[in-house]
Number of protein chains: 2
Amino acid sequence: MSHILVRKLRHGAELSPLDEAALVGAIHDGKRLAARQTVVSEGDRPRDVHVILDGFACRYKILPDGGRQIMAWLVPGDFCDLHVAILGAMDHGIATLTPSRLGTIPPADVDRLSRTSPALSRALWWATLVDEAILREWLVTMGRRPADRQVAHLFCELLVRLQSVGLADGNRIELPITQGDLADAAGLTAVHVNRVVQQLRADGLIDWSDRTLTVHDPRALAEFADFRPNYLHLKGELWSGTADAALAGK
Amino acid sequence: MSHILVRKLRHGAELSPLDEAALVGAIHDGKRLAARQTVVSEGDRPRDVHVILDGFACRYKILPDGGRQIMAWLVPGDFCDLHVAILGAMDHGIATLTPSRLGTIPPADVDRLSRTSPALSRALWWATLVDEAILREWLVTMGRRPADRQVAHLFCELLVRLQSVGLADGNRIELPITQGDLADAAGLTAVHVNRVVQQLRADGLIDWSDRTLTVHDPRALAEFADFRPNYLHLKGELWSGTADAALAGK
DNA sequence: GAACCCGCTTCACATAGATCAAGGTCGGCG
DNA sequence: CGCCGACCTTGATCTATGTGAAGCGGGTTC
């Protein structure tokens, strides 16, 4: 099976075998980290670009009162800091949520690859723009959707994202994060997330136990959450027939 | 005075006079739009790239219940849809908030410029990455900050962004948007935004009348809002001495 | 200059979600 | 093998913000 990063980026551009080989060749097998370890801190200027090869991590900021807001899940295939070189210092931190394996790529190689291959250049742009699109959708969710829809929406997104890189077993994914983590991402309280999750379970929409999330009926959950995967800009007809099609026909 | 787009992008890269001329030369003077007009709709694949030359616009999504979430302010110098070509269809809409003037750039020219000039390429990346950083900060604000801080934070950000492109008169900016618009951006209600704005006025932090926002003491407002401009990744020492410096010394 | 409309303001009341607090369960570690 | 620390669960109560409704002022239209 192909490299996780290749599986992801194929959604963003048509990569030639040469592109794929060059990309994989640039990845240095990096460190393993335990759960809840800092990968990069706010203010850092990391030397290398990090890629998640295995495990879950997140982007976050800490507030003066000690609160934490998670602004993105980083799952296998995701870049942590593709373009720090351009921005200078990190404006947020990155930490693992579960034991993880990270790869690194020297920034010079990133530059070279994207100058050499139009397809890779496009793929890297695509990955960045999708990250941005996800942020926009999270903003909508936090701003305008009630807590239960919000949590359901996060579940839908995670399912699709993991499916898109071949890390799902049907409608079941490994989701070894904590309800507290989920709360920090949703802008809710752990207590309230707990109540919401239990309701989703009681409604037969999901099962979440043994670090495994099972979505019994993805279309029903998507309907409930008002989840439309268009913002993930994936190739292929993931979940064809969801509200996505409804929008297209509008 | 130089072109608004140049003034903005100079924060992202060292542009040579040639770069600047090439960039400005690529901009076609576009249409004028009244307030509250759609520029691009969700699902569109706009032919040209749009730049705001004058006025205020926003990115937004509409929810099934009719609610609107604004996900970004677009002010003069901002790109509306720099990379639709890569993503395919727009996953959100763009609309003017005030009467505006838009420029357009053919996507082929964008490609050419960024292939030809490393500095321009970097500047375009920078603009995109800053948009993303702003989204992250908004997420933090919506998730973890109370309504009054949230509104104050938006004011701080707007002030700095407009200052950075020379559109502020000291600590005063033209802010011809509606309290309802502000509410749609903050994920609040117009009623509640009204209460909060009045409180900020009563506390002597701001004045907002005649479509003009005056920040009496930027450092005090920033302190109140927990605003640190680092995420805007601007050149120069805007507001040096704010909490930003505190973080650096941490 | 009357009629309107839009945005601002205020008030009374409702509620989603926060907060505080107390168990309970389970896996890891001494 | 028993303790301890994370995490989950539940309950009671509080509060920030939403909802619904009404009035007001200024600018625009006819």
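**Notes on the predicted model**

1. Chain A holds 10 helices and 10 strands. The model is a predicted one, and the values below should be read as computed from it.

2. Overall dimensions of chain A. Along the principal axes, its C-alpha atoms fill a box of roughly 50 × 45 × 30 Å. The radius of gyration is 18 Å, which agrees with the value near 18 Å for a compact globule of 250 residues. Of those 250 residues, 48% count as buried. Among contacts in chain A with a separation of 6 or more, 69% join residues 24 or more positions apart.

3. The contact between chains A and B. Each side is listed here: 35 residues from chain A and 35 residues from chain B. On the side of chain A, the elements giving two or more residues are strand 5 (68–74), helix 3 (84–87) and helix 5 (118–144). Helix 5 of chain A has the largest share, with 16 residues. By residue class, the chain A side divides into 16 nonpolar, 11 polar and 8 charged.

4. Helix 5 of chain A. This helix has 27 residues and spans 39 Å from its first C-alpha to its last, close to the 39 Å expected at 1.5 Å a residue. The helix is mostly covered, with 25 of its 27 residues buried.

5. The surface near DNA strand C. There are 14 residues around DNA strand C, and the closest are A:P146, A:A147, A:T189, A:H192 and B:Q179. Two or more residues come from each of helix 8 (190–202) of chain A, helix 7 (179–186) of chain B and helix 8 (190–202) of chain B. The largest share, 5 residues, belongs to helix 8 of chain B.

6. A:D226. Phi of this residue is near 55 degrees, a positive value in a residue other than glycine. A:D226 sits in the loop between helix 9 (218–225) and helix 10 (243–248) of chain A. A:D226 counts as partly exposed because 18 other C-beta atoms lie within 10 Å, whereas a buried residue needs 20 or more.

7. B:R36. This residue is not a glycine either, yet has a positive phi of about 60 degrees. B:R36 belongs to the loop between strand 1 (28–33) and strand 2 (38–40) of chain B. B:R36 has 12 C-beta neighbours inside 10 Å and therefore counts as exposed.

Terms used: Residues are numbered from 1 along each chain as its sequence is written. Chains are lettered from A and ligands numbered from 1 in the order in which they are written. This is a predicted model: local features need pLDDT of at least 70, side-chain atom pairs count only at pLDDT 80 or more; totals for chains, interfaces and linings use all residues. Two residues are in contact if their C-beta atoms, placed from the backbone, lie within 7 Å. Helices (H or I, at least four residues) and strands (E, at least two) are DSSP runs, numbered from the N terminus. Ala, Val, Leu, Ile, Met, Phe, Trp, Tyr, Cys and Pro count as nonpolar, Asp, Glu, Lys and Arg as charged, and the others, Gly among them, as polar. The radius of gyration is taken over C-alpha atoms; the globule rule is 2.2 Å times the number of residues to the power 0.38. A residue is near a molecule or strand if its C-beta atom, placed from the backbone, lies within 6 Å of it. The expected span of a helix is 1.5 Å times one less than its number of residues.
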